[in-house]
Amino acid sequence: MRTGERTAAKGPVKTEGGSFIKHWLIGVGAGLLGTALTLAIFAFTMTLHDFGGAFFIAGTTAILALGGFLAGFVAARIRQQNGMAIGALSGMLLYLLYLGLSLLTFGLAFGPMAITKLAICVIPACLGGVWGVNYRKKHR
């Protein structure tokens with residue numbers, strides 16, 4: 001069996017070449033890029049209008065979830081298999097990057113809010129991974 005092939009009940013099946021880590025890192029990079037762009041738009045919007053603290057918390061939470069979803073979706077879309085596992089791992093790595101940046105910037109200790117942020121990052125990444133594997137382009 002050559003690299004990039006696996007066997008199934010129907011015979012050899014072509015899979016996307018490359019390592020698992022490459023797909024994982026590309027997905028996390030897409031999640032980081034999507035988060036950064038969305039945060040920039042959100043920051044611009046916050047400078048134009050005076051929103052309350054609740055809007056700020058809700059917006060940053062939604063952006064964190066969007067970044068996780070995008071990371072899982074892109075990684076699973078490239079890999080074409082194991083969507084939930086790849087999504088979960090992408091969300092976990094994205095969370096660890098956010099946690100590291102938070103510790104470097106603010107020096108905050110690990111607490112209950114960190115567990116909530118982990119769930120906000122990993123659960124949408126799992127959903128993105130499942131959707132990324134099952135996503136099909138419409139042919140016309």
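Biologist: Read along the sequence, what pattern does the protein follow?
Modeller: The protein follows the pattern β-β-α-α-α-α. Helices (H or I, at least four residues) and strands (E, at least two) are DSSP runs, numbered from the N terminus. In total there are four helices and two strands. Bear in mind that this is a predicted model: local features need pLDDT of at least 70, side-chain atom pairs count only at pLDDT 80 or more, and totals for chains, interfaces and linings use all residues. Residues are numbered from 1 along each chain as its sequence is written, and side-chain values use heavy atoms, with hydrogens and water left out.

Biologist: How do I read two packed helices?
Modeller: Two packed helices are described by the angle between their axes and the distance between the axes. Axes are lines fitted to C-alpha atoms, for helices over the stretch in contact, and angles run from 0 to 180 degrees between N-to-C directions. Here helix H2 (residues 53-79) packs with helix H3 (residues 83-106) at an angle of about 135°, their axes being 8 Å apart. That makes H2 oblique to H3 (angles under 35 degrees count as roughly parallel, over 145 as roughly antiparallel, 65 to 115 as roughly perpendicular and the rest as oblique).

Biologist: Which residues make the contact of H2 and H3?
Modeller: Contact means heavy atoms within 4.5 Å. H2 brings Leu64, Gly67, Gly68, Ala71, Gly72, Ala75, Ala76 and Arg79, while H3 brings Gly83, Ile86, Gly87, Ser90, Leu94 and Tyr98.

Biologist: And where does H4 come in?
Modeller: The axes of H3 and helix H4 (residues 112-134) come within 7 Å and cross at roughly 145°. Among the contact residues are Gly87, Gly91 and Tyr95 of H3, and Leu118, Cys121 and Ala125 of H4.

Biologist: Which residues of H2 are buried?
Modeller: Buried means under 20% relative accessible area, exposed over 50%, partly exposed in between (1.4 Å probe, protein chains only). The buried residues of H2 include Gly59, Ile63, Phe73 and Val74. Across the 140 residues of the protein, 31% count as buried.

Biologist: How does the span of H2 compare with what it should be?
Modeller: The expected span of a helix is 1.5 Å times one less than its number of residues. The 27 residues of H2 should span 39 Å, and its end C-alpha atoms are 39 Å apart, which agrees.

Biologist: What follows H2?
Modeller: Gln80 does, and the phi of Gln80 is positive, near 65°.
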